[in-house]
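Please keep the sequence and the coordinates at hand while reading.

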Amino acid sequence: MNPTTPSPCVAAAIATYRRDAELARLLEALRKSDTPLSGGVHVADNASSGETCALCAAYPEVTWLPRPVNNGPGPAWNTAIANALRNSAVTHVLVLDDDVVPPPDTLRLLLDAMKTSGAATAAPLLFDEHGHLWGFPEPRETALRSAIRRATTPEECRRALGDAPHPFCWATGACMLYTRRALENSGPFREDFWMLGEDLELSMRISASLGGVFTAQSLVPHRPPPANPATARSAHRLKFLALLQNLAYLAFHSPHSAHLRSYLAGNFKRYVRTEGCGPGTLWDGWCAFYQGALCRQPAGTSAGARLRERATRRLNRP
């Protein structure tokens, strides 16, 4: 780095909800970063709990930000980001889900990718507990889209794409680095998505105006906790319906995401394959599409809440 250029001042913004074991694991991972988080760590705690407060208090660098309700990661991230940006020295914000485990070089590699490309946001590749690609970005270069989909593991993707940063159309937001300028100029996460979509929308917005890149050099594990067997079926169905509704909304009503229309059929096919093709399942899927595409209602609106209530009642029938 040029000695006349000031070092970046990076803060971390985390959204969490009753995942203390995963949050503790993440905080320990951030402590091992080879690039310091000199702007501190800001944890927005949805439907805040005393246990999470006590956990955060054990880390002097952490600011605990209680929130009265759990209305999804978007509002929580906005709370954490706003608190981080109150410090005028902060130049970048690393936005994180509570269930990622960034290796020590993550922040350095993302900063390098942004410096090389001039982009305002950067993403790593995410992989699951089996070592398979989990949440990969959508390359802006069409030829790279098939290459990244052919890869099974992050290592295969790295061999196919190399380490240079590649522009993206959108990226999954479980681990994303943003410049202060991007967050201030492009606005916050939308808060009407509930979950599974607000990160894509913000990444598209920033990428279209200021540039976004991903690098296969940075590989970040995504390790959510095991599903609760008693609620797994219902939780999976509701999340899938939220994804379908949000994708349908974005595909037809975001100025930067018309290309998502080509993926809608595949996602609905996956929904039927995993959830079954009973009349109720098909009706819920149609309602998700109808509300998102035709009524312009993302999953965090009252229309999305009513759809989830109906789906829950159907699943709980004896």
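Is Arg 237 buried or exposed? Arg 237 is buried, with a relative accessible area of 2%, where buried stands for under 20% relative accessible area, exposed for over 50% and partly exposed for what lies in between, using a 1.4 Å probe and protein chains only.

## Basis of the model

This is a predicted model, in which local features need pLDDT of at least 70 and side-chain atom pairs count only at pLDDT 80 or more, while totals for chains, interfaces and linings use all residues. Residues are numbered from 1 along each chain as its sequence is written, and side-chain values use heavy atoms, with hydrogens and water left out.

## Salt bridges

With a salt bridge taken as a side-chain nitrogen of Lys or Arg within 4 Å of a carboxyl oxygen of Asp or Glu, the count comes to 13 salt bridges. Arg 237 meets the side chain of Glu 275 in one of them, at 2.6 Å from N to O. That pair links distant parts of the chain, since Glu 275 belongs to helix H10 and Arg 237 to helix H9, 38 residues apart; helices here are DSSP runs (H or I, at least four residues) and strands likewise (E, at least two), numbered from the N terminus. Glu 275 is also buried, with a relative accessible area of 14%, and a network of salt bridges links Arg 237, Glu 275, Asp 284 and Arg 314.

Another salt bridge joins Glu 61 and Arg 31, whose closest N and O atoms are 2.9 Å apart. This pair, too, links distant parts of the chain, with Glu 61 in the loop between helix H2 (50-57) and strand E3 (62-66) and Arg 31 in helix H1 (residues 20-31), 30 residues apart. Glu 61 counts as partly exposed at 29% relative accessibility, and Arg 31 is partly exposed with a relative accessible area of 45%. Within helix H7 (residues 180-186), Glu 184 and Arg 180 lie four residues apart, about one turn of the helix, and form a salt bridge whose closest N and O atoms are 2.9 Å apart. Glu 184 counts as partly exposed at 47% relative accessibility, whereas Arg 180 counts as buried at 16%.

## Aromatic rings

A pair of aromatic rings is described by the distance of the centres and the angle of the planes. Rings of Phe, Tyr and Trp (its six-membered ring) pair if their centres lie within 6.5 Å, and planes under 30 degrees apart count as stacked, over 60 as edge-to-face and the rest as tilted. The structure holds eight aromatic pairs. Among them is the edge-to-face pair of Phe 240 and Tyr 271, with 5.4 Å centre to centre and 70° between the planes. Phe 240 lies in helix H9 (residues 232-253) and Tyr 271 in helix H10 (residues 261-275), 31 residues apart, so that the pair links distant parts of the chain. Both Phe 240 and Tyr 271 are buried.

The rings of Trp 286 and Tyr 290 have centres 5.9 Å apart and planes at 40°, so this pair is tilted. Both residues lie in helix H11 (residues 279-294), four residues apart, about one turn of the helix. Trp 286 counts as partly exposed at 40% relative accessibility, and Tyr 290 counts as partly exposed at 35%. Ring pairs link Trp 286 and Tyr 290 with Phe 252, Phe 268 and Phe 289 into a cluster.

Five of the five residues of strand E8 (residues 175-179) are buried, so E8 is largely enclosed by the rest of the structure. Cys 175, Leu 177 and Thr 179 point one way from E8, while Met 176 and Tyr 178 point the other way. In a regular strand the side chains alternate between the two faces of the sheet.

Two strands pair if DSSP finds at least two bridges between them. Strand E4 (residues 92-97) pairs with E8 in the antiparallel sense over five bridges, with Val 95 opposite Met 176 and Val 93 opposite Tyr 178. Strand E5 (residues 121-127) and E8 also pair in the antiparallel sense, over two bridges. Six bridges join strand E1 (residues 10-16) to E4, and these two run parallel; Ala 15 has Asp 97 in E4 as its bridge partner.
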